[in-house]
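Welcome! Take a moment to look over the structure below, and then we will walk through two parts of it together.

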Amino acid sequence: MTAVNTFLQVDLADVDSFTREFLEEVQFAQGVTLARATTNDLYMALARTVRQQLMSRWLDTVSTQMHLQAKVVAYLSAEYLLGRQLDNALLAAGLTETAERSMKSLGLDLNRLRDAEVEPGLGNGGLGRLAACFIDSLATLEIPAVGYGIRYEYGIFRQTFVGGEQVEQPDSWLTNGSPWEFPRPEMAVTVRFGGQTEHYEDSDGVTRSRWDHGWEVLGIPYNYMVPGYRRGNVNTLRLWSAKATQAFDLKVFNAGDYLQAVRSQAFAENISKVLYPKDSTPQGKELRLQQQYFFVACSLRDFIDNTLPADFDMRRLPERVIFQLNDTHPVIAIPELMRILVDEQRMDWDEAWAISRQCFAYTCHTLLPEALEVWPVALLGRLLPRHLEIIYRINEDFLADVRNAYPDDELRARGMSIIQEHPERAVRMAFLATVGGSMVNGVAELHSQLLRETVLADFAAHWPAKFTNVTNGVTPRRFLALANPGLSRLITDTIGDGWLQDLERLRELEEHADDNGFIDAFGAIKAENKARLVALLARRDGIVLDRDALYDVMVKRLHEYKRQTLKLLHVITLYQRIQADPEIDLVPRVVLFGAKAAPGYQVAKNTIALINAVARVLDADPLVAGRLRVAFPANYNVTLAETLIPAADLSEQISLAGKEASGTGNMKLALNGALTIGTLDGANVEIRQLVGDDNFFLFGLNEPQVNALETAGYRPNTYYESNATLRQALGAIASGAFSGGNHSAFAPLVDSLLHHDTYRVLADYQSYIEAQDRVERAYRDPRAWTRSAVLNVARSGFFSSDRSIRDYIDRIWHTTAIPRRLTQFDPASPTAERDI
């Protein structure tokens with residue numbers, strides 16, 4: 001992969017200098033000669049060479065922001081799906097061509113070194129990838145910011161398939177080391193858990209609380225550079241790793257109890273061991289809460305101790321920071337800040353609460369009730385007793401306000417309480433975030449509307465000005481410049497440079513949508529991208545695909561509401577059409593799935609098994625060879641996405657209307673020239689508005705119709721009985737046609753659809769099939785299809801994460817850009833140690 005590089009022509013002296021630095025890294029950092037270096041040695045040396053080119057910019061950025069006491073965006077997120085770092089760093093620093101020439105001069109293949117990098121899987125899907133896009137845009141826009149999260153030793157699992165079923169393997173991304181991180185153990189933070197609280201009177205006669213904790217761990221920060229594109233600023237991502245305060249008991253070890261000697265180390269390190277431990281057990285639930293408190297406690301303490309001056313007046317804290325809560329995972333930060341202000345800073349409660357509420361803003365990423373976190377009171381009281389007291393006080397004051405505003409509506413007060421009473425007493429974290437933050441935003445226009453009207457309706461009525469929308473976006477640096485270099489070059493050749501920082505300039509492509517030369521060039525690039533994907537999947541997975549087919553792509557987390565099952569029913573319907581009429585004229589189609597199912601989500605795992613079972617049957621049937629293919633490469637991640645997305649012709653965005661918050665895969669695919677088939681859900685609504693009805697394949701119930709169907713009483717069996725094609729497709733699954741005659745293999749999936757169908761797959765089936773038939777007809781006219789693809793690209797500039805960040809700044813954060821100053825970093829400075 002060669003990224004588009006729009007910098008000035010490379011100076012040969014720069015290549016020579018880069019090469020010398022690289023060879024020094026090989027020899028003095030890796031401790032080998034070039035002749036004896038392994039591929040990992042060479043990759044590590046190259047990464048450190050690039051890293052060194054960014055270091056002075058990083059130090060200058062932090063020093064400038066510290067000197068100017070700028071207001072900082074502290075982005076709190078439990079997930080960051082960063083993708084590979086090497087190419088992104090090369091692009092940001094303008095060193096892509098320099099590195100290519102340097103490696104070539106040494107007889108090395110840069111692509112081979114690229115492939116040596118292991119992607120850190122520190123996220124589960126869209127939430128983590130969005131966080132990575134946002135910190136990229138914050139740096140590019142020169143906004144003072146720091147990302148805070150967890151350095152999971154094992155990220156999201158590495159997915160493999162055994163007999164078509166998902167098997168989870170540990171994601172050992174740190175095995176060969178990470179050249180992009182800077183450990184800072186001397187800046188460790190102590191985090192406390194358990195114990196009990198006691199009340200006492202201070203010297204002024206004020207009753208206060210003291211937390212007598214039961215145990216503690218250390219949080220070790222690991223810093224990562226976040227370089228802005230073509231800008232001087234390099235921001236910081238700080239990830240926390242848990243360590244024991246006393247990792248090794250020599251006395252116990254010498255007594256012969258070797259396991260007990262390291263018990264505290266193992267116990268502490270569990271906190272940052274795995275991304276999202278399975279929470280179906282009490283131990284798993286407790287570990288998740290430990291993770292959430294651990295990283296926000298580290299992050300707040302780090303900001304207060306290492307960013308603010310020693311004599312800072314904490315009453316001015318809202319002038320210096322806004323903590324953005326990326327979903328409910330970091331919401332425990334609200335009572336933690338109150339604990340710091342009231343217990344440590346000795347502030348009056350009301351004054352502390354007024355300050356704290358200005359320091360937080362909350363992004364809600366879901367409409368699904370089960371995804372809105374609640375923590376049992378019993379667990380919170382055992383693990384964080386002081387924080388539970390603070391939450392009770394927040395809720396008490398808030399309910400008093402509600403009852404004062406609505407004196408004759410006790411049901412409203414109970415419905416808005418942060419503490420739920422049934423089925424068990426628990427803290428509703430989304431409610432706490434709404435009460436304790438200055439603003440609440442959804443992530444697409446429809447999603448924000450439904451938040452105000454349904455999920456948080458009473459809160460929106462009480463505080464209408466607190467609610468706003470910021471539609472998600474994606475970084476064009478990674479998902480166009482890096483992922484689709486051919487298209488990026490064509491865009492630059494057509495409209496000039498600068499569009500990667502101003503994506504709305506893609507509108508200038510519209511005037512070329514009827515230019516035959518441009519259409520031909522665009523189509524040739526799509527063909528090249530398909531060839532790249534074919535080569536990758538053959539090498540990576542042993543999957544051999546036909547390049548001359550419609551590439552129909554559905555890549556997203558496996559969940560019932562995303563309706564991968566609906567896509568599969570369409571595949572089966574196409575297969576049955578071919579079986580019924582072997583001479584039928586169908587557009588050759590490759591259906592590509594990419595998805596992971598949560599380890600404890602059995603329905604999703606069964607769906608994966610069914611997709612693979614259908615794929616096996618199609619592969620074995622010569623009747624469909626070259627006409628219909630299902631491919632499901634294992635372990636879909638950012639790295640695979642960068643090759644798969646540019647090859648897509650059709651983007652499957654088929655969730656039930658009213659269930660998807662936004663989606664960002666839909667944006668990436670449209671930006672790379674895929675046409676969308678989708679419902680009016682999430683950001684699909686805005687995509688359709690922008691690209692135009694003629695360039696979007698709409699189907700299915702809209703959100704009001706879904707609600708009306710629910711009110712009338714949904715009976716999935718009615719749709720089954722009235723649609724012979726649907727009966728035939730479901731009947732094939734039930735009969736064992738895809739399971740070697742085993743009728744029971746996928747019976748739970750079929751029974752769920754026939755008797756429950758929570759996400760209305762059967763209700764939308766016929767509309768979806770009709771929309772896919774429109775796709776077939778449209779794809780038969782390559783020039784018209786490519787014209788629509790061009791218009792999708794031209795009209796998708798709105799979906800840049802740069803625009804999202806500008807919206808956050810205007811509507812929520814109210815921060816300003818601070819370009820770095822070109823200063824000489826002084827390591828002897830008193831602040832040098834804390835500057836990074």
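Ten charged residues, four polar ones and four nonpolar ones make up the lining of the second largest pocket. This is a predicted model, and the space in that pocket comes to about 550 Å³. Of the 18 residues that line the second largest pocket, Arg84, Asp115, Leu536, Arg539 and Thr643 lie nearest its centre. Which elements give two or more residues to this lining? They are helix 3, helix 5, helix 21 and helix 24, and the table shows where to find them.

| Element giving two or more residues to the lining | Residues |
|---|---|
| Helix 3 | residues 86–93 |
| Helix 5 | residues 110–115 |
| Helix 21 | residues 516–541 |
| Helix 24 | residues 638–647 |

Now let us turn to helix 1. This helix covers residues 12–29, 18 residues in all. From its first C-alpha to its last, helix 1 reaches 25 Å, close to the 26 Å expected at 1.5 Å a residue.

Which residues of helix 1 are buried? They are Val15, Phe18, Thr19, Phe22, Glu25 and Val26. Looking down the axis of helix 1, you would find these buried residues within an arc of 120 degrees, so they line one face of the helix. What do they pack against? The buried residues of helix 1 meet helix 2 (39–68) and helix 4 (96–105). Arg20 and Phe28, on the other side of helix 1, are exposed.

Methods
Residues numbered from 1 in each chain as written. Predicted model: local features only at pLDDT ≥ 70, side-chain atom pairs only at ≥ 80, totals over all residues. Heavy atoms only, no water. 1 Å grid on protein atoms, 1.4 Å probe; cavity = no way out; pocket = protein on both sides within 12 Å on 5 of 7 lines; lining within 4 Å. Points joined across faces, edges and corners; volume = space filled by probe spheres on them. Helix = DSSP H or I, 4+ residues; strand = E, 2+ residues; numbered from the N terminus. Nonpolar A, V, L, I, M, F, W, Y, C, P; charged D, E, K, R; others polar. Expected span 1.5 Å × (residues − 1). Buried < 20%, exposed > 50% of the residue type's maximum accessible area, 1.4 Å probe, protein only. Arc of directions from axis to C-beta. Contact = heavy atoms within 4.5 Å.
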